[in-house]
Amino acid sequence: MINITQDIERLLLVSLKSYKPVLWINKKLSEISDTNEHPSLSYEDIIEAEERLKRFAPLLRRLFPETLEQSGIIESRLANLDNFKEEFLKELHANFHGRLFLKCDNELPVAGSIKARGGIYEVLKYAEELAFQSKRLSIGDNYEVLMDESFKEFFGRYTLAVGSTGNLGLSIGIMGAALGFNVNVHMSADAKEWKKILLKGKGVNVFEYSSDYSKAVEEGRKKSDADPFSYFIDDENSKTLFLGYSTAALRLKKQLEQEGIIVDEQHPLFVYIPCGVGGAPGGICFGLKKVFGSYVHCFFVEPTHSPCMLLGMASGLHEGICVQDIGLDNKTEADGLAVGRPSGFVGKMMEGLLSGVYTVEDNQMFKLLATLRDSEGIIVEPSATPGLLGAAKISLTDEGREYLRANGLEGYMKASTHIAWATGGSFVPEEMMESFYKRGKGIKESISI
Ligand SMILES: *Cc1c(COP(=O)(O)O)cnc(C)c1O
């Protein structure tokens with residue numbers, strides 16, 4: 001039996017157990033001196049992933065005309081949130097310094113969520129490997145040839161499999177089916193019905209489970225391992241997914257430059273990314289630390305009912321602990337974040353990179369969703385909202401202030417930039433979005449941090 005109280009501070013544990021929002025600061029970040037060294041992955045790996053995505057861009061442009069404008073590169077805009085900030089501060093009756101932006105992965109083409117980064121990248125990498133090995137394709141070719149019927153027939157001999165709370169299944173299913181693969185998506189109970197219907201319409205096989213994400217992954221892996229022509233996309237351990245996400249950092253660097261935003265010692269950058277199993281926020285954080293080093297401060301955000309990464313990192317037990325072990329139910333409307341056990345691969349990787357993790361109540365997510373729509377006209381799903389609380393968390397809570405003080409950042413907050421990462425939304429059916437919005441408008445309690 002795990003003695004959790006020995007490993008994580010008692011006060012933190014009491015708050016977590018009673019579903020109270022917390023901000024946990026990662027003490028190991030300051031203990032591990034060189035954040036630029038990691039034994040298994042490097043900056044060159046990110047560049048390699050970016051190069052691969054460029055090779056596929058001509059194909060994606062043809063397969064998905066919505067990517068035409070960006071020449072087949074799947075990327076989202078960086079939106080200024082001045083109006084949201086004003087509205088938010090009014091509701092909060094407080095003030096914090098720094099500019100606020102939204103990274104609009106809710107609008108990412110092809111898959112409508114952050115999973116369009118990692119999921120699609122892994123499908124493409126696997127397709128390229130198969131095509132290279134069979135000598136049907138070489139690196140200098142125009143990848144548009146992959147649209148030929150002969151390739152569809154070739155990829156049709158192989159199966160892709162994945163376990164998902166919904167969005168990863170969507171991205172793998174849409175990309176895999178477009179290339180001609182058989183795709184088996186194993187959906188947890190949290191997965192929304194419309195996602196299953198959309199996938200079935202593309203000929204994807206959807207397997208449904210009445211249990212949570214970890215079980216869907218386990219069953220999916222088992223079934224895939226039994227078939228030599230099946231490739232399992234392992235959300236909990238995949239370095240490929242992780243690197244697909246990490247390329248976001250290179251793109252964000254360019255966008256910040258275009259906005260004239262400086263990131264250096266006197267102009268710190270804070271990034272707040274919603275976390276499920278950890279692959280997406282982990283990959284992005286890894287990329288950002290490679291690009292901006294100690295000038296970027298990355299925080300993950302989780303629902304108060306599913307703080308799996310916080311629990312794994314704070315206890316040091318990583319995938320050896322799940323939220324159910326401390327009596328939590330892992331029930332949240334933020335379906336993209338409804339994960340009870342974190343990725344150990346990501347958690348260990350984040351020990352020397354991540355600044356901290358905070359948790360947010362579901363009601364607050366709905367409120368943020370409504371405020372964002374009213375003030376900016378930007379529509380996101382509940383999972384995509386909690387990063388919006390980050391700037392306030394850091395500036396206005398005791399734990400946040402202590403972090404700023406310990407890192408010598410207090411004097412630079414006026415020149416700081418805060419990015420909330422919006423992770424999904426544009427594929428959500430309108431009537432469902434409407435009900436999310438109504439729920440947000442109906443919540444009487446005020447915004448709190
Ligand atoms: C998957 C997902 C996340 C988190 O990504 P992980 O890799 O599971 O940590 C956040 N928001 C949305 C909308 C997602 O679909």
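Which of the 16 residues around the ligand come nearest? They are Lys115, Asn167, Gly276, Gly278 and Thr423, where a residue counts as near if one of its heavy atoms lies within 4 Å of the molecule. Welcome to a predicted model, in which local features need pLDDT of at least 70, side-chain atom pairs count only at pLDDT 80 or more, and totals for chains, interfaces and linings use all residues. Residues are numbered from 1 along each chain as its sequence is written, and side-chain values use heavy atoms, with hydrogens and water left out.

**Around the ligand**

- Lys115 has a side-chain N or O atom 2.7 Å from an oxygen atom of the ligand; a polar contact is a pair of N or O atoms within 3.5 Å.
- Thr423 has a side-chain N or O atom 2.7 Å from a nitrogen atom of the ligand.
- Ala280 has a polar backbone atom 2.8 Å from an oxygen atom of the ligand.

**Helices H11 and H13**

- The axes of H11 (residues 239-246) and H13 (residues 279-292) come within 7 Å and cross at roughly 55°; helices are DSSP runs of H or I with at least four residues, numbered from the N terminus.
- Axes are lines fitted to C-alpha atoms over the stretch in contact, and angles run from 0 to 180 degrees between N-to-C directions.
- Phe242, Leu243, Tyr245 and Ser246 of H11 make the contact with H13 residues including Gly279, Ala280 and Phe286; contact means heavy atoms within 4.5 Å.

**Helices H4 and H6**

- The axes of H4 (residues 43-63) and H6 (residues 115-133) come within 10 Å and cross at roughly 85°.
- H4 and H6 are therefore roughly perpendicular to each other, the term for 65 to 115 degrees.
- Ala49, Arg52, Leu53, Arg55, Phe56 and Leu60 in H4 meet Tyr121, Leu124, Lys125 and Glu128 in H6.
- The contact of H4 with H6 has six nonpolar, no polar and four charged residues.

Note on methods
Helices (H or I, at least four residues) and strands (E, at least two) are DSSP runs, numbered from the N terminus. A polar contact is a pair of N or O atoms within 3.5 Å; within protein, one must be able to donate a hydrogen and the other to accept it, and residues adjacent in sequence count only if both atoms are side-chain atoms. Angles under 35 degrees count as roughly parallel, over 145 as roughly antiparallel, 65 to 115 as roughly perpendicular and the rest as oblique. Ala, Val, Leu, Ile, Met, Phe, Trp, Tyr, Cys and Pro count as nonpolar, Asp, Glu, Lys and Arg as charged, and the others, Gly among them, as polar.
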